[in-house]
Amino acid sequence: MVTLFTALGGEKWLRRRNWGIGHPCENAWEGIACCPVWKPFCLEERRRARRQLQAASGDAISAPLTSDPLCRQAGGLCVIANMDLSSNNMTGAMASGSSNESNPFAGGALQWVQELDLSNNSLQGVILDSLGALPRLRTLLAENNRFEYALTPPEVLRACAAPFGLTCTGVPQH
């Protein structure tokens, strides 16, 4: 995660509170939402409860999703489930190939990420090659960046257009 922060201009991010301090889940890194290891898809439960509350009250709830409260005392037994890094003044290149050495998203810490919002930044490179390290990714928000979709293989782009369970915005539909 510190590699991601460094590679994508973290010192200039607008929302970077607690990044690099301890564990992202226990220390509430800004933009990161976590779930306990024993229920890695907890955000969906919380989202469902939020929709029910919103329907009952009629009021919109706009606060961002936060980590499951158990993650504050779980002793590192939590996984990163959501990364909202949108509108964050992020710069830098995503990996341009399958090499994990140049991929800021490589590493086991991100294997449970289900939602990733990179929209409204200044990122460049071949986005979907870089995100191959996120096997459980369901939602990718990538609009308003400088990604090189012409270099991305068409079959990879089709993953966002086909019913593979991946929802994408800001990615050309093929």
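A salt bridge is counted here when a side-chain nitrogen of Lys or Arg lies within 4 Å of a carboxyl oxygen of Asp or Glu. By that rule Arg 17 forms a salt bridge with Glu 30, with their closest N and O atoms 3.7 Å apart. The structure is a predicted model, in which local features need pLDDT of at least 70 and side-chain atom pairs count only at pLDDT 80 or more, while totals for chains, interfaces and linings use all residues. Residues are numbered from 1 along each chain as its sequence is written, and side-chain values use heavy atoms, with hydrogens and water left out.

**Overall layout**

The protein holds 4 helices and 8 strands, where helices (H or I, at least four residues) and strands (E, at least two) are DSSP runs numbered from the N terminus. Along the sequence these elements follow the pattern α-β-α-β-β-β-β-α-β-β-α-β. Of the 174 residues in the protein, 41% are buried; buried means under 20% relative accessible area, exposed means over 50%, and partly exposed lies in between, with a 1.4 Å probe and protein chains only. The accessible surface comes to about 9,000 Å², of which 53% belongs to carbon and sulfur atoms, as computed by the Shrake-Rupley method with a 1.4 Å probe, where for residues only the protein chains shown count as cover. Among contacts with a separation of 6 or more, residues 24 or more positions apart account for 64%, a contact being heavy atoms within 4.5 Å.

**The salt bridges**

| Pair | N to O distance |
|---|---|
| Glu 11 and Arg 16 | 3.4 Å |
| Arg 15 and Asp 84 | 3.8 Å |
| Arg 17 and Glu 30 | 3.7 Å |

In the pair of Arg 17 and Glu 30, both residues lie in the loop between α1 and β1, so the bridge ties together parts that are 13 residues apart in sequence. Arg 17 is exposed, with a relative accessible area of 51%, whereas Glu 30 is buried, at 18%. The side chains of Arg 15 and Asp 84 also meet in a salt bridge, and this pair links distant parts of the chain, Arg 15 being in the loop between α1 (2-7) and β1 and Asp 84 in strand β2, 69 residues apart. Arg 15 is partly exposed, with a relative accessible area of 23%, and Asp 84 is partly exposed as well, at 25%.

The 16 residues of α2 should span 22 Å at 1.5 Å a residue, and the end C-alpha atoms are 23 Å apart, which agrees; the expected span is 1.5 Å times one less than the number of residues. In this helix Cys 42, Leu 43 and Arg 47 are buried. Seen down the axis of α2, the buried residues fall within an arc of 135°, so they line one face of the helix; the arc is that of the directions from the helix axis to the C-beta atoms. An α-helix has 3.6 residues a turn, so residues three or four places apart point the same way. The buried residues of α2 pack against β1, β2 (78-84) and β4 (115-117), whereas on the other side of the helix Gln 52, Ala 55 and Ala 56 are exposed. Just after α2, Gly 58 takes a positive phi of about 80°.

Trp 38 is found in the loop between β1 (32-36) and α2 (42-57), and it counts as exposed because its relative accessibility is 56%. Together with Val 37, Leu 70 and Leu 77, Trp 38 makes a nonpolar surface patch of about 400 Å². Patches are made of residues with over 30% relative accessible area and no salt bridge, like charges being joined within 9 Å and nonpolar side chains (Val, Leu, Ile, Met, Phe, Trp, Tyr) within 5 Å.

**Residues in other loops**

Asn 18, in the loop between α1 and β1, has a phi near 75°, a positive value in a residue other than glycine, and counts as partly exposed at 27% relative accessibility. Asn 144, in the loop between β6 (139-141) and β7, has a positive phi of about 60° although it is not a glycine, and is exposed, with a relative accessible area of 53%. Ala 150 is found in the loop between β7 (146-147) and α4 (154-161) and is exposed, with a relative accessible area of 80%.
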